[in-house]
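Open the model in your viewer and keep the selection tool ready. The stops below go from one selection to the next.

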Amino acid sequence: MHTGNLEVKPDIFISTTYFGKRESDLKNALNELEVLPVDGIEIGSTHKYSPDNSKTIKSISGKRLLFHNYFPPSKEPLILNIASSNDNLRKKSVDYIKKCISFCESHGGELYTFHPGFLNDAVSEGISENNYDFVFQKSNLNYDEAYNLMIESIDDILSFSNGLGLKIAIETQGSTTKSADLLMQRPEEFQKLFSIFPSGLEINLNLAHSYFASKMFNFSLKEFIVNNDCYIDAVELNHSNSLDDEHLPLEKGSYIFNYLSLIANKKLVLEFRNANADDIKQSIGIVRSYFAAV
């Protein structure tokens, strides 16, 4: 993709979620990332609680920082649900996100991203060999009730983030196995969201999630991206078999390259699980080569 003789060089971030399948030590995850040729690091959601996390973040130099969902980690187990019918869980979720926003702002982060909540409360992360979908319990909450509770929570969260002057973004959802439990999968949900919050709130486009959603709900993902371009700030990228949320490193010929030219000016976050430094280096090279050749 070229303008005259200027090659487009997108901002590339690496998520610390690459380090293992389950909870990991942030310091160990960062050891291999700080020397990589990328613009920044997304501090991900998969790390153990440690009193040294603040010190570890402050030791990072020369990289821009994004913070995602469960960071800093909670001392006690908590699966966030800002749309929960359980008032106590919903309040805990909102308060926790506010704490994370405050941490992000005070540690030099430029964006905090979070999940929109679920129709049913999650009971476990449900990690399997190739899928990272949650396992949900059933409730009597219907879609409209869950959506409205989510809106109430976002209103509270957005007021808090605006007070600190920090940008926040809500992540797109989608699954081929758990779509009945999820919010913010379909284009009309975002159209309604931004009619309520026309400014201050942005989108963290999880491309895999939205790809799954486009198949389940039969909409054009390209049109969704184009129509919401002004709201999309960050894009999380990984490879999958188009069925499971695998969070694999990138491959040449991956489905993501059908959409990459539409998001060249966004923060591109390579968000993998259970990968290594060589996987990350190869994925960086694949993205750089794509933009150099288009």
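Select helix H5 and colour its buried residues: Glu-189, Phe-190, Leu-193 and Phe-194. Buried means under 20% relative accessible area, exposed over 50%, and partly exposed in between, with a 1.4 Å probe and protein chains only. Helices (H or I, at least four residues) and strands (E, at least two) are DSSP runs, numbered from the N terminus. Look down the axis of H5: the buried residues lie within an arc of 125°, so they line one face of the helix. The arc is taken from the directions that run from the helix axis to the C-beta atoms. In general, an α-helix has 3.6 residues a turn, so residues three or four places apart point the same way.

This is a predicted model, in which local features need pLDDT of at least 70 and side-chain atom pairs count only at pLDDT 80 or more, while totals for chains, interfaces and linings use all residues. Residues are numbered from 1 along each chain as its sequence is written, and side-chain values use heavy atoms, with hydrogens and water left out.

Turn to the other side of H5, where Gln-191 and Ser-195 are exposed. Then show what the buried residues of H5 pack against: helix H4 (143-164), strand E9 (168-171), strand E10 (201-206) and H7. Contact here means heavy atoms within 4.5 Å.

Rings of Phe, Tyr and Trp (its six-membered ring) pair if their centres lie within 6.5 Å; planes under 30 degrees apart count as stacked, over 60 as edge-to-face and the rest as tilted. Phe-194 is in helix H5 and Tyr-231 in the loop between H7 and strand E11 (232-237), 37 residues apart, which makes this a link between distant parts of the chain. Both Phe-194 and Tyr-231 are buried.

Now select Phe-219 and Phe-224. Their ring centres are 6.2 Å apart with planes at 55°, so this pair is tilted. Phe-219 and Phe-224 are both buried. One aromatic cluster to display as well is formed by Tyr-211, Phe-212, Tyr-255 and Tyr-259.

Which residues line the second largest pocket? Select Pro-187, Glu-188, Phe-190, Gln-191, Phe-194, Phe-219, Ser-220, Glu-223, Phe-224, Asn-227, Asn-228 and Tyr-231. Helix H5 (187-196) and H7 are the elements that give two or more residues to this lining, and H5 gives the most, with five. The space in the pocket is about 170 Å³. On a 1 Å grid over the protein atoms alone, a pocket is an open set of points with protein on both sides within 12 Å along at least five of seven lines, and lining residues have an atom within 4 Å of a point. Grid points are joined across faces, edges and corners, and the volume is the space filled by probe spheres set on the points.

The last stop is Ile-225, in helix H7 (residues 221-227). Is Ile-225 buried or exposed? It is buried, with a relative accessible area of 1%. Leaving out residues up to four places away in sequence, Ile-225 touches Leu-205, Leu-207, Ile-232, Tyr-259, Leu-262 and Ile-263. To finish, draw a distance between the C-alpha atoms of Ile-225 and Ser-210: these residues are 15 apart along the chain, and the atoms are separated by 9.6 Å.

Notes
1 Å grid on protein atoms, 1.4 Å probe; cavity = no way out; pocket = protein on both sides within 12 Å on 5 of 7 lines; lining within 4 Å.
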